[in-house]
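Visitor: Could you take me through this structure step by step? I am new to reading models of this kind.
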Amino acid sequence: MTPTITAFERSPDRGRGLARDMRVRWALEEVGQPYDVRLVSFQAMKEPAHLTLHPFGQIPTYEEGDLALFESGAIVLHIAECHAGLLPEDAHARARAISWMFAALATVEPPIVELSMAALLERDKAWYGERLPGLRENVRKRLGELSRRLGDADWLDGGFSAGDLLMVSVLLRLRSSGILDEYANIANYVARGEARPAYRSAFAAQLAVFTAASKGE
Ligand code: GTB
């Protein structure tokens, strides 16, 4: 059965692949699973039909037969568990890859989101200049730790896994900050993720949505 995911009708990231449908698209492309996309407006996300699928009125969601999921991490895990290619067969290696999925979402993503939300929403506030260095330091702390662990490896724990898919997705949101470039091995790691054919297909698909929406303006 072809799953259906939801994505922004008009993404505020202007097709840069930073909205969280991108990681779900990428996972589906990695495992070769075709999918449909239902585009939703900000208004539709808060209406009862969408709230039945997503209690917080957000994207992405995932529907497959009578299964409905929300939370990008849970969706990627479901895809990885149902198809070969994103989680190792060995039980311990699989558990470690899942640890990296949680690390990406629960440990690395929060300071990155805090920094990007401040840049988006607080830039004109009096306190922004004072708050910014602390926010950037919080991100650097995690990137320093991640950089030490990654060393000169291609991926976080052996072959590419759903842990790398989520970690690269999370790190990409830092690109405009310049901080990624302070850690050469992490910048190269992110570039390796972006170079994967599945990433490129997913990126092109979400960009096509934004381009079509812009033409209709
Ligand atoms: N924890 C949830 C998950 O991982 O699925 C978070 C989902 C989430 O934050 N969804 C956002 C959303 O639906 C879209 S991705 N927001 C609408 C709302 O809450 O009303 C977040 C996002 C938005 C914009 C950019 N950007 O412009 O760069 C990047 C990321």
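Visitor: How many of the 11 residues of H7 are buried?
Guide: In this predicted model, 11 of the 11 residues of H7 are buried, so H7 is largely enclosed by the rest of the structure. The buried residues include Ala162, Gly163, Asp164 and Leu165, and Ser169 is also among them.

Visitor: Which elements do the buried residues of H7 pack against?
Guide: They pack against H1, H4, H5, H6, helix H8 (184-195) and helix H9 (197-215).

Visitor: Let us take H5 from that list. At what angle do H5 and H7 pack?
Guide: Helix H5 (residues 91-121) and helix H7 (residues 162-172) pack at an angle of about 10°, and their axes are 7 Å apart. H5 and H7 are therefore roughly parallel to each other, since an angle under 35 degrees counts as such.

Visitor: Which residues make the contact?
Guide: From H5, the contributors include Ala97, Trp100, Met101, Ala104, Val108 and Ile112. From H7, they are Ala162, Gly163, Leu166, Met167, Val170 and Leu171. By class, the contact has 13 nonpolar, 1 polar and 1 charged residues.

Visitor: Why do residues three or four places apart in a helix point the same way?
Guide: An α-helix has 3.6 residues a turn, so residues at that spacing point the same way.

Visitor: What about H1, how many of its residues are buried?
Guide: In helix H1 (residues 21-31), 9 of the 11 residues are buried, so H1 is largely enclosed by the rest of the structure. The buried residues of H1 are Asp21, Met22, Arg23, Val24, Arg25, Trp26, Ala27, Leu28 and Val31. Just after H1, Gly32 takes a positive phi of about 75°.

Visitor: And H4, what covers its buried residues?
Guide: The cover includes H1, E3, E4, H5 and H7. The buried residues of H4 are Ser72, Gly73, Ile75, Val76, His78, Ile79 and Ala80.

Visitor: Changing topic: what is the volume of the largest pocket?
Guide: The volume of the largest pocket is about 1,100 Å³. Its lining has 36 residues, and Leu18, Arg20, Ser116, Met117 and Arg173 lie nearest the centre of the pocket.

Visitor: Which elements give two or more residues to that lining?
Guide: They are helix H2 (42-45), helix H4 (72-82), H5 and helix H6 (128-150). H5 gives the most, with 8 residues. The lining residues divide into 18 nonpolar, 9 polar and 9 charged.

Visitor: Back to H5 for a moment. Is Leu121 buried or exposed?
Guide: Leu121, which is in helix H5, is exposed because its relative accessible area is 53%, over the 50% limit.

Visitor: Now the loops. Which residues does Asp157 touch?
Guide: Leaving out residues up to four places away in sequence, Asp157 touches Arg96 and Trp100. Asp157 lies in the loop between H6 and H7 and counts as partly exposed at 31% relative accessibility.

Visitor: What phi does Arg14 have?
Guide: Arg14 has a positive phi of about 55°, although it is not a glycine. Most residues other than glycine have a negative phi. Arg14 is in the loop between strand E1 (4-8) and H1, and at 58% relative accessibility Arg14 counts as exposed. Glu71 likewise has a positive phi, of about 80°, and lies in the loop between strand E4 (67-70) and H4. At 41% relative accessibility, Glu71 counts as partly exposed.

Visitor: Last one: where is Pro60 found, and what kind of bond joins Ile59 and Pro60?
Guide: Pro60 is in the loop between helix H3 (48-53) and strand E3 (61-64). A cis peptide bond joins Ile59 and Pro60, with omega at about 5°. Most peptide bonds are trans.

Terms used
Residues numbered from 1 in each chain as written. Predicted model: local features only at pLDDT ≥ 70, side-chain atom pairs only at ≥ 80, totals over all residues. Heavy atoms only, no water. Axes fitted to C-alpha atoms, helices over the stretch in contact; angles between N-to-C directions. Helix = DSSP H or I, 4+ residues; strand = E, 2+ residues; numbered from the N terminus. Parallel < 35°, antiparallel > 145°, perpendicular 65-115°, else oblique. Contact = heavy atoms within 4.5 Å. Nonpolar A, V, L, I, M, F, W, Y, C, P; charged D, E, K, R; others polar. Buried < 20%, exposed > 50% of the residue type's maximum accessible area, 1.4 Å probe, protein only. 1 Å grid on protein atoms, 1.4 Å probe; cavity = no way out; pocket = protein on both sides within 12 Å on 5 of 7 lines; lining within 4 Å. Points joined across faces, edges and corners; volume = space filled by probe spheres on them.
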